[in-house]
Structures are given as C-alpha cells and as structure tokens.
There are 2 protein chains.
Amino acid sequence: MFVKDLSEVNQTKVETEGAEGAYIRWLISEETGAPNFAMREFTLEPGGYTPYHTHDWEHEVYVLAGEGVVAGEEGETLLKPGSVVFVPGGEIHNFKNSGSEPFKFLCVVPLGAK
Amino acid sequence: MFVKDLSEVNQTKVETEGAEGAYIRWLISEETGAPNFAMREFTLEPGGYTPYHTHDWEHEVYVLAGEGVVAGEEGETLLKPGSVVFVPGGEIHNFKNSGSEPFKFLCVVPLGAK
C-alpha cells in the first residue's frame with residue numbers, strides 16, 4: 001500500500017501536439033505498481049485545453065475544481081466539480097478550461113495509454 | 001460519451017458484512033459501458049467504515065472530502081482531500097471516517113470487483 005498527497009507528485013507540462021496550458025500528475029501508474037490502470041490529475045490553466053483527438057482507450061474522468069467543457073462530435077458539455085465523464089475508446093474529444101480559475105480533473109486510463 | 005453529475009447517480013448503502021455507515025455510488029461501471037475498470041464514490045458517515053478485508057484486486061483511491069484513515073497491516077495513515085491511496089491486490093485494508101463530517105473518496109477497481 002502507499003499513501004501520498006497530490007502535491008507530492010511531480011507535475012509536468014503536457015507536450016502533446018494540440019495541447020495548451022495543460023499539466024499532468026501521474027498519481028498512480030505502472031511505475032508505482034499499478035497492474036491494470038493509471039490515475040492521473042490534469043490541471044488546465046484558464047484558456048488551456050487538451051488535444052482534440054481520438055485513441056483506442058477509454059477515459060474515466062471526475063472533475064475536482066474549476067469550470068470547463070468536454071467537446072465531442074455532438075458538441076460541448078459544461079463541466080464543474082462533481083461532473084463525471086466517460087469517453088469510450090475511438091471517440092474524438094477534448095477538455096478545455098472555460099473559466100477563470102484552474103480547471104482540475106482526474107482521468108483514469110488503462111496501462112499503456114498516454 | 002456520457003456526462004453526468006455525481007448527484008444524479010443513485011447512492012446505496014454498503015451491505016457487505018463488516019461495513020457500517022458506508023454508502024456507494026457506481027459512477028462508471030460495466031453497466032454504463034466501461035470495458036476495463038469501474039469508478040465508484042464512497043461516503044462514510046462520521047464513525048463509519050468499510051470492511052477490514054482482502055481481495056485479489058487493487059484499489060486506486062482519491063480523497064474528495066472529510067477526514068479519514070486507511071488501515072493495513074502496518075497501521076493507520078491519515079487521509080484528507082488530495083490524498084492518493086494505492087492498495088495492491090491481496091493486501092488487507094479498510095477505510096474509516098475519523099472526522100465529524102462525511103468522508104468521501106473515489107475508488108477505482110477492475111471490472112468484476114465488488
């Protein structure tokens with residue numbers, strides 16, 4: 001078992017093409033012994049966003065703080081703390097900060113996803 | 001893709017033997033199309049706890065609100081909002097509310113876990 005505080009985990013800029021003002025913490029991952037899936041925390045600065053892209057794996061998302069939107073083929077949906085988002089594999093999507101404070105969410109993915 | 005608010009998800013009492021004052025919401029599960037893992041939210045009332053037990057699957061936990069502890073063979077560790085806990089499969093554990101407010105956390109498990 002391990003216990004740590006979010007703030008102890010190194011935060012890095014998301015350098016993927018199509019991302020802007022996006023930062024990630026890998027809270028639980030293969031490197032820390034996870035056998036099946038990884039838990040990450042994302043922070044998007046005001047105006048920040050993740051790539052509008054698609055991939056084979058799913059996202060399971062829980063919004064922690066701030067205001068944002070998730071965009072897909074059917075348009076945008078507002079998100080706030082307590083919002084739950086499931087993005088199936090193969091579905092185009094991105095997340096954007098639509099507010100004036102940092103927008104923070106957890107995103108769980110299968111191991112091997114980026 | 002689906003988006004919903006936590007409050008829209010039905011909350012049920014955890015009836016497992018050894019649980020007290022514990023409630024669960026299955027936010028994302030096999031029933032909602034998840035292929036690999038499920039995201040649940042737990043609420044423990046003041047004094048509430050989950051069973052002190054072990055099982056084959058892992059827990060990936062993120063604390064949302066309140067104060068609690070996770071107990072294992074090596075004792076208890078305090079938890080607060082922003083605490084991250086990884087419990088490997090096969091390791092005995094439970095979660096308890098040690099505060100005066102509801103203790104809330106997310107717990108992600110492989111499909112098939114209870």
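A residue is buried if 20 or more other C-beta atoms lie within 10 Å of its own, exposed if 12 or fewer, and partly exposed in between, with C-beta atoms placed from the backbone. You're looking at a predicted model, where local features need pLDDT of at least 70, side-chain atom pairs count only at pLDDT 80 or more, and totals for chains, interfaces and linings use all residues. Residues are numbered from 1 along each chain as its sequence is written, while chains are lettered from A and ligands numbered from 1 in the order in which they are written.

**Exercise 1.** Work out what chain A is built from and how much of chain A is buried.

*Solution.* 
- Step 1: count the elements, using DSSP runs numbered from the N terminus (helices are H or I, at least four residues; strands are E, at least two). Chain A has 0 helices and 10 strands.
- Step 2: check burial. Of the 114 residues in chain A, 37% are buried.
- Step 3: check the size. A compact globule of 114 residues would have a radius of gyration near 13 Å, and chain A agrees because its value is 13 Å. (That radius is taken over C-alpha atoms, and the globule rule is 2.2 Å times the number of residues to the power 0.38.)

**Exercise 2.** Find the partners of strand 4 within chain A.

*Solution.* 
- Step 1: see how covered the strand is. In strand 4 of chain A, 10 of the 13 residues are buried.
- Step 2: look for pairing, which takes at least two DSSP bridges between two strands. Strand 3 of chain A runs antiparallel to strand 4 of chain A, joined by 7 bridges; here Ala22(A) stands opposite Leu44(A).

**Exercise 3.** Describe how chain A meets chain B.

*Solution.* 
- Step 1: count residues in contact (C-beta atoms, placed from the backbone, within 7 Å). Chain A gives 35 residues and chain B gives 35 residues.
- Step 2: find the main contributor. Strand 8 of chain A supplies the largest share of chain A's side, 5 residues.
- Step 3: follow that strand across. Strand 8 of chain A and strand 1 (residues 2-5) of chain B run antiparallel, with 4 bridges between them. Val84(A) stands opposite Lys4(B) there.
- Step 4: The complex gets an ipTM of 0.96 and a pTM of 0.97.

Terms used:
Contact = placed C-beta atoms within 7 Å.
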